[in-house]
Structures are given as C-alpha cells and as structure tokens.
Amino acid sequence: MKLKINNLSKTYGNGVKALDGLNLEIGAGMFGLLGPNGAGKSSLMRTIATLQQPDSGTIEFDGIDILKDQIELRKILGYLPQEFGVYPSMSAEDLLDYFARLKGIASKKERETIVKEVLEVTNLYEVRKKHVNGYSGGMKQRFGIAQLLLNNPKLIIVDEPTAGLDPAERNRFLNVLREIGTNNTVIFSTHIVEDVKELCNEMAILNGGKILSKGTPKEATQKLEGQIWTKIVDRQELEKYEKDFSVISSNYNEDNTLNIRVFSNEQPNETFSKATPVLEDVYFVTLKNDN
C-alpha cells in the first residue's frame, strides 16, 4: 500500500508556483510533511485529496490512478482540511449518522455500529449527545477525525490539525492519530516540528513546492551529529553572530541572554560547546541550506 507522486507541478492563476516537479513515495504508517507556511503543504494535500488538479505529474495509491479515477480514491480516502465546517444545530451522534448515510452506508444497524466505534476511538462517546458547536477546538478536530473514519479509509490526510490547540487538547488529538496510524497510510501536514517528532515514523521537509529531504526523524537527526554547536550570548550580540556563523535558532534564557545554536562541520571557536542534535535543528538546517 503505497502513495507514489511523480513530477507534480501546480501554478495558480496569480503566478504562485505551489508545487514544483515534486516527487514523493509514502508507505503505511504516520508520515509527517513538515514545512513553513506557504511551503506548498496544503496545495499538495488538496491535490492528493482530488480537490484540485495539478498542471502536470501523476499520483497513484494502491493501484488507483488518483488523477484519472477520483471516485475510486474517494471511497478509501479520509480527509481533514485545515478548516473543518460542521452543522452546529445537531448532536455529534446525529451528525455522524448523517455523514455515514452520505458515504453510502444504507443499513441503520451498520451506521449505529460504525458511529459508536468512531466516537469511542476519538474519545467523544461520552459527549455524543452534545451539539458540535459546543465542542472545544480540540474536540471539533477529533470530531473531524471521527467523520473521516466512517468509510474505513486506507489513505488519511490531515492538514495542520494541531494549529491553535492548547497543549492538553493537542496531546489528546495526537493520541487519536497515533491509534489510527498503525494500519493506514496517514499523511500529517504541519509546521510544528514537535508533532512530527512525537508521531511520525517517516517524514519529509517541503519548501517552495519541492521536497528538500526525506527519511526517519531518527536518521535525519543522526546525520547532524557533531555539527550542532551552542553558546550563550547577549541579545545585542546576536546580529554579529548571525553575520559570522550559521546560526539556525536562538532561544531566550531567564536572564534575557540568548542560547544560540550554530550549524558547522567543526567547532566554530573554543567558546562553543557541542550540542546533541534535535529534529528542530534538522528542520532549520534544511531550510537554511535551501535559501
């Protein structure tokens, strides 16, 4: 069960090149698509989900030519866009029953079974009688996952799902994704590095409509071993260090000094200490090398 994307390109009417000859292969499990805002993540997600046609290229999933046979793909697709609209005057249970009918599940008994299952998987069963407009942001996102699970999809796409969630809701949401990610191909698009680190067995970094790197989070981090250096500097010194070294990130300390992280094949000078690479370093180094 593989998703194969070859030479995918898309330029919008305003001249923005969202996808630029993109190539990618994704197998079963949780796949993290990491990139800054405007990198082309949503354009790629919408194209895979058959919501827009590319200018050129091919997409195939499990033997289905997605661009030619959209109906076949939609039968096994679950999609949660960035903005998920709901019908506020209905309970979660009734709304899911309605969606199940739309997805072709004619038997009332079958609908009752699948609705109960998806409510339990997403930890919403206790609040199934509550109107969805009364749900918190995280509950609405979990409801979004519940509706996409109704047709038992093989390919699941979630686009920036944790943006705006508080830490507790984010954890609950990630736990739900973790549970459904074992038997399906799940593409998880985000600009939050921590989400990918916690969830995904494979990842790619996207920018400018192109895949810059692909691999496991562990492999990507190991490749930077011995190349990340750190030092505490005063705020007013940051500009000088950015000019002299490849500063990839800086974080404030309690005393208002900055902890800077520098990418270098060798120790920049004796005042720097070697740091253990983390996935954020991989992300920033990859984007910096792309500029």
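**Close-up views of helix and ring contacts**

**View 1. Helices H3 and H5 cross in a right-handed way.** We're looking at a predicted model here. H3 covers residues 92–102 and H5 covers residues 137–148. Their axes come within 10 Å and cross at roughly 35 degrees. On the H3 side, the contact is made by Ala92, Leu95, Leu96 and Phe99, while H5 brings in Phe143, Ala146 and Gln147. Sort those by class and you get six nonpolar residues, one polar and no charged ones.

**View 2. Phe99 and Phe143 pair up between the two helices.** The structure holds six aromatic pairs, and one of them joins Phe99 to Phe143. Their rings are tilted, with 45 degrees between the planes and 6.5 Å from centre to centre. Because Phe99 lies in H3 and Phe143 in H5, the pair ties together parts that are 44 residues apart in sequence. Both of these residues are buried. Tyr98 joins in too: ring pairs link Tyr98, Phe99 and Phe143 into a cluster.

**View 3. Tyr283 and Phe284 make another tilted pair.** Here the ring centres sit 5.6 Å apart, and the planes are at 45 degrees. Tyr283 is buried, because its relative accessible area of 6% is under the 20% cut-off. Phe284 has a relative accessible area of 28%, so this residue counts as partly exposed.

**View 4. Two side chains lie over tyrosine faces.** Arg128 lies over the face of Tyr125, at 3.9 Å from the ring centre. For Lys240, the ring in question belongs to Tyr241: Lys240 lies over its face, at 5.2 Å from the ring centre.

Definitions and conventions: Residues are numbered from 1 along each chain as its sequence is written. This is a predicted model: local features need pLDDT of at least 70, side-chain atom pairs count only at pLDDT 80 or more; totals for chains, interfaces and linings use all residues. Side-chain values use heavy atoms; hydrogens and water are left out. Axes are lines fitted to C-alpha atoms, for helices over the stretch in contact, and angles run from 0 to 180 degrees between N-to-C directions. Helices (H or I, at least four residues) and strands (E, at least two) are DSSP runs, numbered from the N terminus. A crossing is left-handed if the near helix is turned anticlockwise from the far one by less than a right angle, and right-handed if clockwise. Contact means heavy atoms within 4.5 Å. Ala, Val, Leu, Ile, Met, Phe, Trp, Tyr, Cys and Pro count as nonpolar, Asp, Glu, Lys and Arg as charged, and the others, Gly among them, as polar. Rings of Phe, Tyr and Trp (its six-membered ring) pair if their centres lie within 6.5 Å; planes under 30 degrees apart count as stacked, over 60 as edge-to-face and the rest as tilted. Buried means under 20% relative accessible area, exposed over 50%, partly exposed in between (1.4 Å probe, protein chains only). A charge sits over a ring if NZ of Lys or CZ of Arg is within 6 Å of the ring centre and within 35 degrees of the ring normal.
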